[in-house]
Amino acid sequence: MSDLHAPEAPATHDGHDPDFPIVVRGLRNAFGEHVIHEDLSLEVRSGEILGVVGGSGTGKSVLMRSVIGLQQPAAGEIHVLGRDMMHEETAEDEIDIRSRWGVLFQGGALFSTLTVGENVEVPLKQFYPDMSDSLRQEIARFKVRLSGLPEEAALKYPSELSGGMRKRAGLARALALDPELLFLDEPTAGLDPIGAAAFDQLTRELKETLGLTVFLITHDLDTLYAICDRVAVLADKTVIAVGTIPELLALDHPWIQEYFNGPRGRAAQASEERQQPRREPLAQTAARGLDATDARIKNTGPQGTDIRQSGGA
Ligand SMILES: Nc1ncnc2c1ncn2[C@@H]1O[C@H](COP(=O)(O)OP(=O)(O)OP(=O)(O)O)[C@@H](O)[C@H]1O
């Protein structure tokens with residue numbers, strides 16, 4: 001195993017660079033004396049699925065909440081789609097930026113007293129109050145189908161759906177406004193392996209067909225192997241490394257090694273390799289992914305592969 005102690009590379013891209021729709025720099029979050037993040041930096045590339053992993057309580061959800069403005073950080077910079085989230089200007093700007101992302105919270109967070117279709121209509125009503133009822137209902141039905149649910153599911157209440165269907169309903173609502181960014185907080189938690197794999201596949205397909213950039217918090221190693229272009233690892237209050245799984249495996253960090261090279265990590269890798277068409281070795285897949293990404297960001301800076309490992313390694 002090589003020990004890639006790449007120089008610490010804090011986010012280097014301008015918060016207005018369209019190739020990096022999410023740029024976080026020097027983030028600090030604390031609840032009283034309890035410091036969650038200290039000097040955390042992260043960049044998300046346009047069009048990628050970035051998996052965010054870390055032990056329980058390392059602050060993955062708090063990071064996501066900070067990026068989407070639900071958590072006020074103590075310090076740092078957050079740029080989303082070119083907007084400075086820490087110093088948002090007007091209410092109009094805030095509405096505009098919030099309409100450009102969709103969020104699937106843990107558990108789906110659907111309104112239990114509304115049908116699935118009505119749940120999907122909520123953001124449409126909020127952001128487009130003048131839209132006609134019929135158009136809104138039509139869009140909602142379309143998003144329900146897009147999320148892999150039968151159209152009649154739009155008339156059901158969340159309590160009438162299985163866990164997997166509820167996740168899809170939450171996804172339909174997250175897609176209501178045709179977002180550019182999709183935030184998913186543990187989308188496969190609680191699903192059986194077949195349901196989880198189907199949800200992964202759906203995420204990948206939606207990302208490709210809709211051109212989404214996906215920020216995906218997960219504990220699910222199968223998800224990481226199956227659909228994530230890169231993975232960011234949270235530990236020691238910061239992002240200690242970002243890269244493809246083979247790149248992370250090359251890092252000599254105990255948590256990373258235990259996580260990816262432990263029995264569950266090896267099983268997930270073996271499973272993914274079995275399912276790869278023509279049994280393409282994972283390293284080759286990763287290399288292709290990097291080539292593609294490098295091509296896209298070639299002119300944006302010297303840091304093509306963005307593999308890094310910082311303090312605590
Ligand atoms: N509103 C809050 N008030 C106080 N502490 C909070 C609040 N929200 C989160 N925390 C604390 O911040 C820490 C990080 O929480 P967070 O939910 O981000 O962890 P996580 O990495 O997503 O964990 P898990 O993988 O278990 O979901 C935890 O110790 C949590 O108790």
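Biologist: Does α3 pass α4 in a left-handed or a right-handed crossing?
Modeller: This is a predicted model, where local features need pLDDT of at least 70, side-chain atom pairs count only at pLDDT 80 or more, and totals for chains, interfaces and linings use all residues. Residues are numbered from 1 along each chain as its sequence is written. A crossing is left-handed if the near helix is turned anticlockwise from the far one by less than a right angle, and right-handed if clockwise. For α3 past α4, the crossing is right-handed.

Biologist: At what angle do α3 and α4 pack?
Modeller: Helices are DSSP runs of H or I with at least four residues, strands runs of E with at least two, both numbered from the N terminus. Axes are lines fitted to C-alpha atoms, for helices over the stretch in contact, and angles run from 0 to 180 degrees between N-to-C directions. The axes of α3 (residues 116-127) and α4 (residues 133-146) lie 9 Å apart, at an angle of about 120°.

Biologist: Why is α3 called oblique to α4?
Modeller: Under 35 degrees is roughly parallel, over 145 roughly antiparallel, 65 to 115 roughly perpendicular, and the rest oblique. The two helices pack at about 120°. That makes α3 to α4 oblique.

Biologist: Which residues of α3 make the contact with α4?
Modeller: Two residues are in contact if their C-beta atoms, placed from the backbone, lie within 7 Å. On the α4 side these are R136, Q137, I139, A140, R141, K143 and V144. From α3 come V116, G117, V120, E121, L124 and K125.

Biologist: Why is α1 largely enclosed by the rest of the structure?
Modeller: A residue is buried with 20 or more other C-beta atoms within 10 Å of its own, exposed with 12 or fewer, and partly exposed in between, with C-beta atoms placed from the backbone. In α1, K60, V62, L63, M64, S66 and V67 are buried. The helix (residues 60-67) is largely enclosed because the buried residues number six of the eight.

Biologist: Which residue with positive phi follows α1?
Modeller: The phi value is near 80°. The residue is G69.

Biologist: How many other C-beta atoms lie within 10 Å of E186?
Modeller: E186 sits in the loop between β7 (181-185) and α6 (193-210). Leaving aside neighbours within four places in sequence, E186 contacts Q106, I217, T218 and H219. E186 is partly exposed because the number of other C-beta atoms within 10 Å is 19.

Biologist: What share of the protein chain counts as buried?
Modeller: The chain has eleven helices and eleven strands. Of its 313 residues, the buried share is 42%.
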